[in-house]
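I opened a new notebook page for this protein. Below are my entries, in the order I looked things up.

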Amino acid sequence: MSDEHILVVDDDQRLLRLLQRYLAENGYRVTTAQDAIQARDVLKLIQPDALVLDVTMPGENGLSLTRSLREEGLSLPILLLTARGEPADRIDGLESGADDYLGKPFEPRELLLRLRAHLRRVVPALSPVTEVPSVLRLGPLEFDVERGLLTGPEGPVHLTGGEAALLGVLTARPGIVMSREDIAKSLDMDEIGERAVDVQVTRLRRRIEADPKEPRFLHTVRGKGYVLKPGL
């Protein structure tokens, strides 16, 4: 039995029961809520390891709730569910602060696999060109490559699952330009497109750069992609 706790928020009672049963059968503890108000009440009482959230709930929708939770500093993985599966809708979800986006209808098995990936913060392996140190310096910040943890002078810097995964991909090839296509494949975002990579890069820069508009570490190489250049 896993100690990992999932909060599932959806106004569809049938889907809530299905996901609660399926995730519990696969070893997770599950708490459910029917809307954003209930979700906020639950979050005052427990600290789940991941949040599965419907976008089109009545009242405060999932995008608004995600954005609000991120602004409050909540860094757990958030996976959005919606019947609107167009790429533009998925980009909106990522821009709100979500880590992943799954269109309805979906196979519960796919949801399970995506949750596992985010909970482990798995970064698909790329063969590093050079040996990567266990800790990379980004000015006053340090990134523990193996643990996926970013710390600064005042302690841990909260990263979402998507931000940590992107930083992990880039630190696997420090100083090497990576195309948006390669990054998207490494983050399992190739179905959404390269625009999703740009969104995650923008979010990550807010975490690691003193001035995200003038980055010192995470650079754009016009026409080619992105490169991470660690340093003091």
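This is a predicted model: local features need pLDDT of at least 70, side-chain atom pairs count only at pLDDT 80 or more; totals for chains, interfaces and linings use all residues.

**Entry 1: confidence**

I began with pLDDT, the predictor's confidence in each residue, from 0 to 100. The protein chain has a mean pLDDT of 85, and 91% of its residues reach 70 or more. Over residues 122–130 pLDDT stays under 50. For that stretch the model has 14 contacts beyond four places in sequence. Contact here means heavy atoms within 4.5 Å.

Residues are numbered from 1 along each chain as its sequence is written, and side-chain values use heavy atoms, with hydrogens and water left out.

**Entry 2: helix α6**

I wrote down how elements are named: helices (H or I, at least four residues) and strands (E, at least two) are DSSP runs, numbered from the N terminus. I also wrote down the burial cut-offs. Buried means under 20% relative accessible area, exposed means over 50%, and partly exposed is in between (1.4 Å probe, protein chains only).

Why is helix α6 (residues 161–171) largely enclosed by the rest of the structure? I checked its residues, and 11 of the 11 are buried, so the rest of the structure largely encloses α6. Among the buried ones are Glu-163, Leu-166, Leu-167 and Thr-171.

Two packed helices are described by the angle between their axes and the distance between the axes. Axes are lines fitted to C-alpha atoms, for helices over the stretch in contact, and angles run from 0 to 180 degrees between N-to-C directions. Under 35 degrees counts as roughly parallel, over 145 as roughly antiparallel, 65 to 115 as roughly perpendicular, and the rest as oblique.

I found α6 and α8 packed at about 90 degrees, with their axes 9 Å apart. The two are therefore roughly perpendicular. On the α6 side, the contact is made by Gly-162, Glu-163, Leu-166, Leu-167 and Leu-170. On the α8 side, I listed Gln-200, Val-201, Arg-203, Leu-204 and Arg-207. By class, the residues of this contact divide into 5 nonpolar, 2 polar and 3 charged. In this scheme Ala, Val, Leu, Ile, Met, Phe, Trp, Tyr, Cys and Pro count as nonpolar, Asp, Glu, Lys and Arg as charged, and the others, Gly among them, as polar.

I stayed with helix α8 (residues 194–208) and picked Asp-198, which is found there. Is Asp-198 buried or exposed? At 17% relative accessibility, Asp-198 counts as buried. Leaving out residues up to four places away in sequence, Asp-198 touches Arg-180 and Tyr-226.

**Entry 3: two other helix pairs**

Helix α1 (residues 13–25) and α5 pack at about 55 degrees, with axes 11 Å apart. α1 and α5 are therefore oblique to each other. From α1, the contact uses Leu-18, Leu-19, Tyr-22 and Leu-23. From α5, it uses Pro-108, Arg-109, Leu-111, Leu-112 and Leu-115. I noted the classes: 8 nonpolar, no polar and 1 charged.

Next came helix α2 (residues 36–43) and helix α3 (residues 62–71), at about 25 degrees and with axes 11 Å apart. That makes α2 roughly parallel to α3. Ala-36, Ala-39, Arg-40 and Leu-43 in α2 meet Leu-65, Ser-68 and Leu-69 in α3. This contact divides into 5 nonpolar, 1 polar and 1 charged.

Leu-150 is found in strand β8. At 3% relative accessibility, Leu-150 counts as buried. Beyond four places in sequence, its contacts include Leu-138, Phe-143, Leu-167 and Ile-208.

Val-145 lies in the loop between β7 and β8. Val-145 is partly exposed, at 29%. Arg-147 is in the loop between β7 (141–144) and β8 (149–152). Arg-147 is exposed, at 60%.

**Entry 4: a cis bond**

Which peptide bond did I find to be cis? The bond from Lys-104 to Pro-105 is cis, with omega near -5 degrees. Pro-105 lies in the loop between β5 (100–103) and α5 (108–120).
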